[in-house]
Amino acid sequence: MEQIKALYIKYKEIINYLIVGVLTTIVSLAVYYVSVYTFLNPENAIQLQIANILSWVAGVTFAYFTNRKFVFESKEKNKLAEASKFVLSRVITLIMDMIVMWLGVTILCLNDKIMKLISQVIITVSNYIFSKIFVFKK
């Protein structure tokens, strides 16, 4: 038990980031899937991107608060500046996400649900890197 605790302490930030990342992905995917199964058509390129943006907004909102508190344990007093950097970094990965979805679904005609899962893996790794070096740097 002590070894597990020691490993957790050593890798706390990464472990917590992965947990928060999974939860953020669930939030993002839930909003995407609800959108495309209820009121948006993923076969329409514009509606596909609208669903993607809606899922992004929900995911970023959830991610900022959970990463700030549980992952990076930020004590930054200027929350507006910190949140702005967070959103800017997420805009960059949103563009990456949109490109992956456009290439996979619109150009290659692959399944949008599978492409969304693939895209989320790419985005999760990119988001950690941006958060670590740009947003929540200590």
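Helices are taken as DSSP runs of at least four residues, numbered from the N terminus. By this criterion Val27 is placed in helix 2. The structure described here is a predicted model, and its secondary structure consists of five helices and zero strands. In sequence order, the protein chain accordingly reads α-α-α-α-α.

The C-alpha trace of the protein chain extends over about 50 × 40 × 25 Å along its principal axes. Of its 138 residues, 39% are classed as buried. The accessible surface amounts to about 8,400 Å², and carbon and sulfur atoms account for 74% of this area. When contacts between residues at least 6 apart in sequence are considered, 67% are found to join residues at least 24 apart.

One cavity of 30 Å³ or more is present in the structure. The volume of the largest cavity is about 230 Å³. Its lining comprises 21 residues, and those nearest its centre are Thr24, Arg90, Gln120, Ile123 and Asn127. Two or more lining residues are contributed by each of helix 2 (12-38), helix 3 (45-71), helix 4 (79-107) and helix 5 (112-135).

Apart from residues up to four places away in sequence, Thr25 touches Gln120 and Thr124. Gln120 is also among the residues nearest the centre of the largest cavity. Val27, likewise a residue of helix 2, has a relative accessible area of 24% and is therefore partly exposed. With neighbours within four places in sequence set aside, Val27 is in contact with Ala58, Gly59 and Phe62. For the pair Val27 and Gly59, a separation of 32 residues in sequence corresponds to a C-alpha to C-alpha distance of 5.9 Å.

Ile118 belongs to helix 5. With a relative accessibility of 42%, Ile118 counts as partly exposed. The C-alpha atoms of Ile118 and Gly104 are 9.7 Å apart, and 14 residues separate the two along the chain.

The backbone geometry of two loop residues was also examined. Most residues other than glycine have a negative phi. Glu73, by contrast, has a positive phi, near 45°. Glu73 is situated in the loop between helix 3 and helix 4, and its relative accessibility of 36% places it in the partly exposed class. A positive phi, of about 60°, is likewise found for Cys109, which is not a glycine. Cys109 occupies the loop between helix 4 and helix 5. The relative accessibility of Cys109 is 64%, and Cys109 is classed as exposed because this value is over the 50% cut-off.

Terms used
Residues are numbered from 1 along each chain as its sequence is written. This is a predicted model: local features need pLDDT of at least 70, side-chain atom pairs count only at pLDDT 80 or more; totals for chains, interfaces and linings use all residues. Side-chain values use heavy atoms; hydrogens and water are left out. Buried means under 20% relative accessible area, exposed over 50%, partly exposed in between (1.4 Å probe, protein chains only). Contact means heavy atoms within 4.5 Å. Accessible areas come from the Shrake-Rupley method with a 1.4 Å probe; for residues, only the protein chains shown count as cover. On a 1 Å grid over the protein atoms alone, a cavity is a set of points where a 1.4 Å probe fits but cannot get out, and a pocket is an open set with protein on both sides within 12 Å along at least five of seven lines; lining residues have an atom within 4 Å of a point. Grid points are joined across faces, edges and corners, and a volume is the space filled by probe spheres set on the points.
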